[in-house]
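Have a look at the picture, then read on.

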Amino acid sequence: VTNRAVKETRKPLTIMLLASVFMILASYIGVQQLGFDHEIQTGPKLIWGVLSLIGYVVVGTLLRRGWTHIVGSATSEAQWTYRLMASSIVTVLGIYQVGYWLTLLPIDFNWIQIAVSIADLAGIIGATLVLYWIARKEA
């Protein structure tokens, strides 16, 4: 890995990290939009949900740009790995978005939390296994 490659990837990774933190923070604030009677305040919750969605779109856009950058110069195995990792990231972050919007429906929140947690674990474990497999193959 060259210094140039590190510099080229540092900015997009930093922006994706900040967008992810922003997305989760905005979602957390939105989930806390309850009245004194513990009823969901739909208007403020929707506003925070849309703000959270901005972070999701930023991450997806940067991953797409990365794909167009890597597609011409990488091996087919590296392209496959990138595509799988990008799909995992978008899916895991998408699960958070779906779970957030489902809280507006009259569904038991415990089931939403369990489903989001399982999907999150599966995505993180899957991405880690792919990285491990590629690292072992390269060694």
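## Starting with α3

Let's begin with a length check on α3: its 27 residues should span 39 Å at 1.5 Å a residue, and its end C-alpha atoms are 38 Å apart, which agrees. The expected span here is 1.5 Å times one less than the number of residues in the helix. Helices (H or I, at least four residues) and strands (E, at least two) are DSSP runs, numbered from the N terminus.

Which residues of α3 are buried? They are Gln79, Thr81, Met85, Ala86, Ser88, Val92, Leu93, Gly94, Gln97, Gly99 and Tyr100. Buried means under 20% relative accessible area, exposed means over 50%, and partly exposed is in between (1.4 Å probe, protein chains only).

## What kind of model this is

This is a predicted model, where local features need pLDDT of at least 70 and side-chain atom pairs count only at pLDDT 80 or more, while totals for chains, interfaces and linings use all residues. Residues are numbered from 1 along each chain as its sequence is written, and side-chain values use heavy atoms, with hydrogens and water left out.

## The overall picture

The protein has four helices and zero strands, so to speak an α-α-α-α pattern when read along the sequence. Its C-alpha atoms fill a box of roughly 60 × 25 × 20 Å, taken along the principal axes. Of the 139 residues, 27% are buried.

The accessible surface comes to about 9600 Å², and 70% of that belongs to carbon and sulfur atoms. Such areas come from the Shrake-Rupley method with a 1.4 Å probe, and for residues only the protein chains shown count as cover. As for contacts (heavy atoms within 4.5 Å), residues 24 or more positions apart account for 68% of those with a separation of 6 or more.

## Helix α2, inside and out

How does α2 do on the length check? Its 29 residues should span 42 Å at 1.5 Å a residue, and its end C-alpha atoms are 42 Å apart, which agrees. The buried residues of α2 are Lys45, Gly49, Ser52, Gly55, Val59, Leu62, Leu63, Trp67 and Ile70.

Ile47 also sits in helix α2, but at 54% relative accessibility Ile47 counts as exposed. From Ile47 to Ser117 is 70 residues in sequence and 24 Å in space, C-alpha to C-alpha.

## The nonpolar core

The largest nonpolar core has eight residues: Met16, Ala19, Met23, Val59, Leu62, Leu63, Ala86 and Leu93. The elements giving two or more residues to this core are α1, α2 and α3 (76–102). A nonpolar core is a set of buried Ala, Val, Leu, Ile, Met, Phe, Trp, Tyr and Cys residues joined through side-chain atoms within 4.5 Å.

Leu62 is in contact with Pro12, Ile15, Met16 and Tyr82, leaving aside its neighbours within four places in sequence.

Val31 belongs to helix α1 and, at 36% relative accessibility, counts as partly exposed. Not counting residues up to four places away in sequence, Val31 touches Lys45 and Tyr100.
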